[in-house]
Amino acid sequence: MIYRNADIENYPFPFPRDQYRYSTNLEPTGRRNASAAGGWGDRRVDIDRRYRSELDERARILAADPSRSQCLPHMVPACWDAMLTLMRELAADYPATMRLDRISPDDNTFRWRNDLLGIDDTFTFGDPATLPTAPLDYICGQIQEDVVLLDQRAGQLWGDAGVVTFAANWSFGFDIGMSFLQIHGPVPRVHSEKVITRAHEFLMRLEPGQSFRRTNWSLTVDGKLDTATETYREWGRDRRTLAEGPLDEVGDRLFLRTEVQHLIRLPHSGAVMFLIRTYLLPFAAIATVDAWADRLYRVLEDLPHDMTEYKGLERTRGPALRWLATFGGVTP
Amino acid sequence: MTTAGPNELPLRVTGLRTLCEGIREVTLGLAGDGVLPSFAPGSHLAVGWADGERNSYSLTGPMVEPRHYSISVRHDRAGRGGSAWVHSLRVGDDVVASRPRSAFAPVADARHHVLVAGGIGVTPIVSHVRAAVMWQRSFEVVYVHRPGADAHAEDLRALARDRLTILRSGPELLAHMKARLFDVPLGAHLYVCGPEGLIEAVTSAALDAGWHRQRLHAEPFASAAAAGGAPFAARLGRSGALVPVGAETSLLEALLARGIAVPNLCRQGVCGECKLTVRGGGIDHRDTYLTDDERAAGDAMMPCVSRAVGDRVELEL
């Protein structure tokens, strides 16, 4: 992967402190967060220069494994709702290339144009015969974000639909139909500290149109977006080859992976839309920003064993620390 | 005329219609350009009718990016004045309202929806039926109303056709429901909106028929939680002032009357806007907002409906 200044300037560096612990780190959307290199967070749906390559990657993954896209039957309205909401979002943020028009105010027929992909389609909201694919697949072919839709019923949230091709060490196909609390069951420490139950309560109270965001992070080898449990055979060994390989290669092979997650209450279905956007930056690029290299070192050094294990960093943390101290300009 | 808050919509009356004796339909459009937010079945608008006063009315019209919102309001001569204000509106008047909210949404994975409306309680049921038809959900609707007081009966007939049953009295409704409640498929959910007595009767009939509580959903059209009870006093933690709360007023009303600015919206213990931190004293929770855990913690209350258990509650104010 070739890196440019823009990738660094716009990178959502996820560490506000030298120590990382799980927290209900939700903040309102729509505000730019300053970083040591620039800033991020102007938009909820972010199109960058990797638009086409990431959409191609998503199409390849979906063709190889259709289970990455799922919609339980009762979630069909939520999928339409998500699609229309995302189209409105794109049209508002990228008016030069994206446009949504209602053909007639008295029925639900819309015209959607995406000039970046040469798309010009007319569809009727709720009528699957008017779209080339299912609504969530259709819009996920036009955004870089992964999407999970949570239904709210019986006092809980349920992960009942989504298109997830860039999962970080989890499986959407396994989690589909589980409750929010079940999905987060394996996360260490969060139960005693009630992080997940608090987030759950908070999300259930989101009003229509309200949205919040948070970041999450991990490390990935060789810039792979798809590190889902299903393809572990393909990427699992990369951690070992990184750990056993020459230290000077770690800067280009090991990536800090930040997920910017948006939580948006959909207006018609009442579902909560989870947008997960994955940004990857190699350690060599991180090290061009002194404050980031130093912060990343402190966080990794301090990270307790159970969290290291859960995030799958047991093999890569050592090389990461050694590389930052040897080549990254960090004084331990 | 009240001013719009940060998350409120500036609307304008674009149409008025009398649906039947005492019930008026008001159509509201955006004062400026743009589309209105889509909303979920069972949603309402909190309409501002005087400074600090909001009444919630269910939305009955189209739901997906509509050009207009519609509400139907029965003139309640014993009310606080909100419905009289609505009945005095004229086309072109400006109205401030909340964005749509829902506390009475359909359960997406229900196998079948039994929708029961009593009187003006028909309003949220109309949008439930609209969505059920649009998304091809399995449903039936029962509407009980007094002769002539048949708001939205035509809409329901057009939408639901043979899935609509119209009845004329409480006993007729109960007889009908008692038979149906044993008959509808397992996995059905029941939704009732109407006067409290009707909700109680239908709900207990369902429980008697073996329905699980989680499958029963109700929305009272009048303020369910009675504000009244034994008088008590609230001590304000910061100033030490003592605010008496009379038997027929709510703690929120008493605080507002003393000039203490407590943000509030629904005044029915639903929206969560007026939540206060409690330092001491027992709380008689009457809201539907706080979780069981939060109630158990005893450090928060919704002053629009909830009261002190004893003669005093201490607030972080």
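Contact is taken here to mean heavy atoms within 4.5 Å, and helices (H or I, at least four residues) and strands (E, at least two) are DSSP runs numbered from the N terminus. The model is a predicted one, in which local features need pLDDT of at least 70 and side-chain atom pairs count only at pLDDT 80 or more, whereas totals for chains, interfaces and linings use all residues. Residues are numbered from 1 along each chain as its sequence is written, chains are lettered from A and ligands numbered from 1 in the order in which they are written, and side-chain values use heavy atoms, with hydrogens and water left out.

In chain B, helix H2 (residues 122–134) meets helix H3 (residues 153–160) through B:Val122, B:Val126, B:Val129, B:Arg130 and B:Val133 on the side of H2(B), and through B:Leu156, B:Leu159 and B:Ala160 on that of H3(B). Of the residues in this contact, seven are nonpolar, none is polar and one is charged (Ala, Val, Leu, Ile, Met, Phe, Trp, Tyr, Cys and Pro count as nonpolar, Asp, Glu, Lys and Arg as charged, and the others, Gly among them, as polar). The axes of the two helices, lines fitted to C-alpha atoms over the stretch in contact, with angles running from 0 to 180 degrees between N-to-C directions, come within 10 Å and cross at roughly 20°. H2(B) and H3(B) are therefore roughly parallel to each other, a term for angles under 35 degrees.

Chain B is divided into domain 1 (8–98), domain 2 (112–220) and domain 3 (225–315), with bounds that come from an automatic or database domain assignment. The centres of domain 2 and domain 3 of chain B, taken over C-alpha atoms, are separated by 34 Å.

Conventions:
Parallel < 35°, antiparallel > 145°, perpendicular 65-115°, else oblique.
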